[in-house]
Amino acid sequence: MDRNLTHRNRRRVLKAVHFVALFLTMAIICIPGLWIVLNSFRPTVEIMAKPPVWTPSFTLDHYRAMFGGAGEGGVPVFSYFRNSMIVSVTSTVIAILIGMSGGYAFARYRFKGKGAYFVGLMLFRAVPGVALSLPLFIVFARVGIIDTHFGLILAYVAMNVPFTVWLTDGFFRQIPKELHEAAEIDGCTRWQAFWKVEFPVARSGVASAAIFAFLTSWNEFALASQLTRSVGSKTMPVGLLDFTAEFTINWGGMCALAVLMIIPALILTFLVQKHLIAGLTFGGVKG
Amino acid sequence: MTEVTLSNVVKNYGAHRAVHGIDLDIQHGEFVVLVGPSGCGKSTTLRMIAGLEAISGGDVSIGGRIVNDLPPRERNISMVFQNYALYPHMTVRENLGFSLAIKKKAPEEIIAAVDEAAAILGLDELMDRKPAELSGGQRQRVAMGRAIVRHPDVFLFDEPLSNLDAKLRTQMRVEIKKLHQKVGNTIIYVTHDQVEAMTLADRIVLMQDGHIVQVGTPLELFDKPVNTFVATFIGSPPMNLIDGIVRGDNAVELHAPSSGGLHGGLTIPLPSTARGRVSDGQAIKFGFRADNLMPMGHAVEEGGERTELDLPVTLTEPLGTETLLFTEVAGTEVQAKMYNPRPVRPGETLKFQLMLDKCHIFDAATSNAIRG
Ligand SMILES: Nc1ncnc2c1ncn2[C@@H]1O[C@H](COP(=O)(O)OP(=O)(O)O)[C@@H](O)[C@H]1O
Ligand SMILES: [Mg+2]
């Protein structure tokens, strides 16, 4: 009786602790984002006010200014957005195609130096992008692809391939090889067996790899800030710099642009979320 | 006509040789079971027939056509895997129709073939479910359905029942046999379970360490095992084997394995079938099945050679129609059978009779059977 009670109490306490910990974690993750959204709708005075103003007022001034003329704090939002889209989507598609082939090869085939090759890829991923920015800048400048979509896409593909290989390798490894064997016996070529059976089954894995690659490219700043110069190629993260002047920073405008940046990422995540959560359904094998 | 012929088929995995030059002729419509302990090369052999595994040497031919280098899709075979390998993203209907869809058959034709297979296997209710929504037995059935839909020349089964529980396994075993009677195709079936092999096979191929040890009908393997491996692998409980030494030309002295025959063991008559085939002092293994050692006083057929032994019963296992008795002959544990059960107390000594004409003599050095 007594013991029952203590155990029940302990379980209650644990539950409460669990809840508080979860709340704190979510707060830490969400508050900066919330802060950005809030600030994008507040007058500059209020953002800078000390002590802080607790009851926010609402204004669309920053958005109006951002889309306004170049003279009144406007930035070429549409160009930046288009650049970001072109670069992120293209580099993601290419990285997924290459990375998926690589991941599949690592998962299915045996070849010499496989382990070393794999570790090498992962090490490559461990090099911080900033450290590469200067060498890349010099090389790109010589080759003449500085300040182009192509240059940035190339850099992002290189950045995303190792991670995609690693992720899709894990997913393909979980698919029993009997699936493609069954497909081959059913009349498929190796190529058909992949596209008709293994790829659809690994779809969720590929989708998560794609979203990671997309977000990496979409948010990347360090390389982009070096490799792009003009309105024709600057991406949105680099565009944020337009709000910094010599002595002032237009926080409100920056937040407004940041909100515009977050929205597509958010939409994409919601669209793909189903696949991310669905995980792999391995009902086809074993009982 | 689709015979399957293996001649001197070899499989190497790097330096490891998994299959050592196998020769096998399988007739059209025959149900052949490859059986053997785990790791003996059954799956490898089957996968070489399927074309999933390249062969390292020899020839595989299906229907008189050498298929060594043909991909699986050109061999007109179908295969049921141990884990079923159903396509998880397709419904049962799509799973069944997949092979026909790949061949770009007309939709009406696919529907007809799928419905026919579904009817044979009783899958009609499940057609729109995904594999994840099926029970183990149902998945098994779908896997078989997928195999029969396109009327292949040869069915290959790799341990199709080993993921099922005992009851379902027995049930599916019967269904597979019925299926074979209905469609009449050549079937090559791999299992490690000798009961499955005995019940299903027209012919059993017993393998060990990448070699074929014996090929024959289930009864041939049961009654005339070529060596002690076959004798102990086929049949349940396994054949009793006792070390022995031939004494003179008509007696055997049985002894415990460790004694090396130095201490006097139990001397019994040498079965007449072995007389003249063994020599005085030859070390042998003396084998008999539990059915051929039974307590006296049972209504058993008269005649035949037999000898009487007084043996202590250490343990009994009542199985319903029969009771297994564990006892000891010359220091070796053996099993006997009793068909009209009466209570036996452990420790009780009973008078047993051993049917000598049903006993097997194996050479101790080579393990090979010695018989006429
Ligand atoms: N892909 C492989 N690589 C290396 N060795 C293998 C491979 N597949 C099977 N083997 C080896 O070949 C032998 C036979 O395996 P297998 O045919 O699967 O046995 P089983 O009779 O249990 O089906 C085993 O010793 C196994 O370890
Ligand atoms: Mg096997």
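Predicted model: local features only at pLDDT ≥ 70, side-chain atom pairs only at ≥ 80, totals over all residues.
The ligand comes first. Around ligand 1 sit A:R110 from chain A and, from chain B, B:Y13, B:H16, B:A18, B:S38, B:G39, B:C40, B:G41, B:K42, B:S43 and B:T44. Because residues of both chains A and B surround ligand 1, the site is shared between chains. Sorted by class, this shell has 6 polar, 3 nonpolar and 2 charged residues.

Several polar contacts go to oxygen atoms of the ligand. From B:G41, a polar backbone atom lies 3.0 Å from an oxygen atom of ligand 1. With B:S43, a polar side-chain atom is 2.6 Å from a ligand oxygen, and for B:T44 an N or O atom in the side chain comes to 2.4 Å from an oxygen atom of ligand 1. On its own, ligand 1 has 560 Å² of accessible area, and the protein covers 63% of that. In terms of secondary structure, β2 (16–26) and α1 (42–50) of chain B are the elements that give two or more residues to the shell. The largest share, 3 residues, comes from α1(B).

Now for A:N39, which is part of helix α1 of chain A, spanning residues 2–40. Its relative accessibility is 5%, so A:N39 counts as buried, the cut-off being under 20%. Leaving aside residues up to four places away in sequence, A:N39 touches A:I47, A:H62, A:G252 and A:C255.

Notes:
Residues numbered from 1 in each chain as written. Chains lettered and ligands numbered in written order. Heavy atoms only, no water. Helix = DSSP H or I, 4+ residues; strand = E, 2+ residues; numbered from the N terminus. Buried < 20%, exposed > 50% of the residue type's maximum accessible area, 1.4 Å probe, protein only. Contact = heavy atoms within 4.5 Å. Near = heavy atom within 4 Å. Polar contact = N/O pair within 3.5 Å; in protein donor to acceptor, adjacent residues only side chain to side chain. Areas by Shrake-Rupley, 256 points an atom, 1.4 Å probe, with all protein chains shown as cover. Nonpolar A, V, L, I, M, F, W, Y, C, P; charged D, E, K, R; others polar.
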